[in-house]
Amino acid sequence: MFHEFDEFDEFHEGKQRMSEQQPLVGIVMGSDSDWPVMEAAAQALDEFDVPYEVDVVSAHRMPREMIAYGEAAAGRGLKAIIAGAGGAAHLPGMLASVTTLPVIGVPVPLKYLDGMDSLLSIVQMPAGVPVATVSVGGARNAGLLAVRQLSAFDSELASRVRDFQDELNAQATAKGKKLRNKVSGGNGFGFGG
């Protein structure tokens, strides 16, 4: 019932996570044309060795399959769904309405409106049907948010998330030091009079 598309095969070639490991995260999108944006979610999950699956499940063109996917997701062992959609971006919200899993919506920017239509479609969910929403095109953060959700129940993964945060801190600290040295010529912070 679920489809694999040629565009994904090259990315997953040689990787075992789609076939041999139980996927923990489902990455779905309304069209395979969304993959260039959604691939960043897969890459973030790869960085933390979180197994995932990828599929096209269109809310408008495949409504029965979309509902079946959402209803079966938890029973198949998924722990979170990352759903990307553009335009009238109903996929994340519709999935959230038929699953108990956390759904993370990724507004996919399209030719018109720069993804603002997608953002508003995803973020304006009615009370009782929550969808976590990242920035327009923010699939990497969607992947990282899924990792954080999983790390609440996995101490080894939580440790890796802390290491990742420490690395971000070190990078930002180094950039600050470099900027201070550039502005002040190496004589302190370089701010003020």
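Colleague: Why is Arg 160 called partly exposed?

Modeller: Arg 160 has a relative accessible area of 23%. Buried means under 20%, exposed over 50%, and partly exposed is what lies in between (1.4 Å probe, protein chains only). The value of 23% therefore puts Arg 160 in the partly exposed class. Before we go on, please keep in mind that this is a predicted model, where local features need pLDDT of at least 70 and side-chain atom pairs pLDDT 80 or more, while totals for chains, interfaces and linings use all residues. Residues are numbered from 1 along each chain as its sequence is written, and side-chain values use heavy atoms, leaving out hydrogens and water.

Colleague: What makes Arg 160 and Asp 49 a salt bridge?

Modeller: A salt bridge needs a side-chain nitrogen of Lys or Arg within 4 Å of a carboxyl oxygen of Asp or Glu. In this pair the closest N and O atoms are 3.4 Å apart, so the pair meets the rule. Arg 160 sits in helix H7 and Asp 49 in the loop between H2 and S2, 111 residues apart, which makes this a link between distant parts of the chain.

Colleague: How many salt bridges does that rule give?

Modeller: The count is three. Another one joins the side chains of Glu 47 and Arg 140, at 2.8 Å from N to O. Here too distant parts of the chain are linked, with Glu 47 in helix H2 and Arg 140 in helix H6, 93 residues apart. Glu 47 is partly exposed at 40%, and Arg 140 is partly exposed at 33%.

Colleague: What ties Glu 53 to Arg 76?

Modeller: A salt bridge again, with the closest N and O atoms 2.6 Å apart. Glu 53 is in strand S2 and Arg 76 is in the loop between helix H3 (63-73) and strand S3 (80-86), so the pair ties together parts 23 residues apart in sequence. Glu 53 has a relative accessible area of 14% and is therefore buried, whereas Arg 76, at 28%, is partly exposed.

Colleague: How do you know that S2 is largely enclosed by the rest of the structure?

Modeller: Five of the five residues of S2 are buried, and that is why we can say so. Tyr 52, Val 54 and Val 56 point one way from S2, with Glu 53 and Asp 55 pointing the other way.

Colleague: What makes S1 and S2 a pair?

Modeller: Strands pair if DSSP finds at least two bridges between them. S1 and S2 have five bridges, in the parallel sense, so they qualify. Gly 26, for instance, has Glu 53 of S2 as its bridge partner.

Colleague: How many helices and strands are there in the protein chain?

Modeller: There are seven helices and five strands. These are DSSP runs numbered from the N terminus: helices are H or I with at least four residues, strands E with at least two.

Colleague: Which residues touch the most other members of the largest nonpolar core?

Modeller: Val 25, Ile 27, Met 38, Leu 45, Val 50, Ile 82 and Val 106, out of 29 residues in that core. Helix H2 (35-47) is among the elements that give two or more residues to this core, and H2 gives the most, with seven. A nonpolar core is a set of buried Ala, Val, Leu, Ile, Met, Phe, Trp, Tyr and Cys residues joined through side-chain atoms within 4.5 Å.

Colleague: What does Met 38 touch, not counting residues up to four places away in sequence?

Modeller: Its contacts (heavy atoms within 4.5 Å) include Ile 27, Ile 82, Val 106 and Ala 139. Another core, of 19 residues, lies apart from the largest one, and Ile 81, Ala 89, Leu 101 and Val 129 are among its members.

Colleague: Why is Ser 151 called buried?

Modeller: Its relative accessible area is 12%, so Ser 151 counts as buried. Ser 151 lies in helix H6 (residues 139-151) and touches Leu 157, Ala 158 and Val 161, leaving aside residues up to four places away in sequence. Over the protein chain, buried residues make up 40% of the 193 residues.
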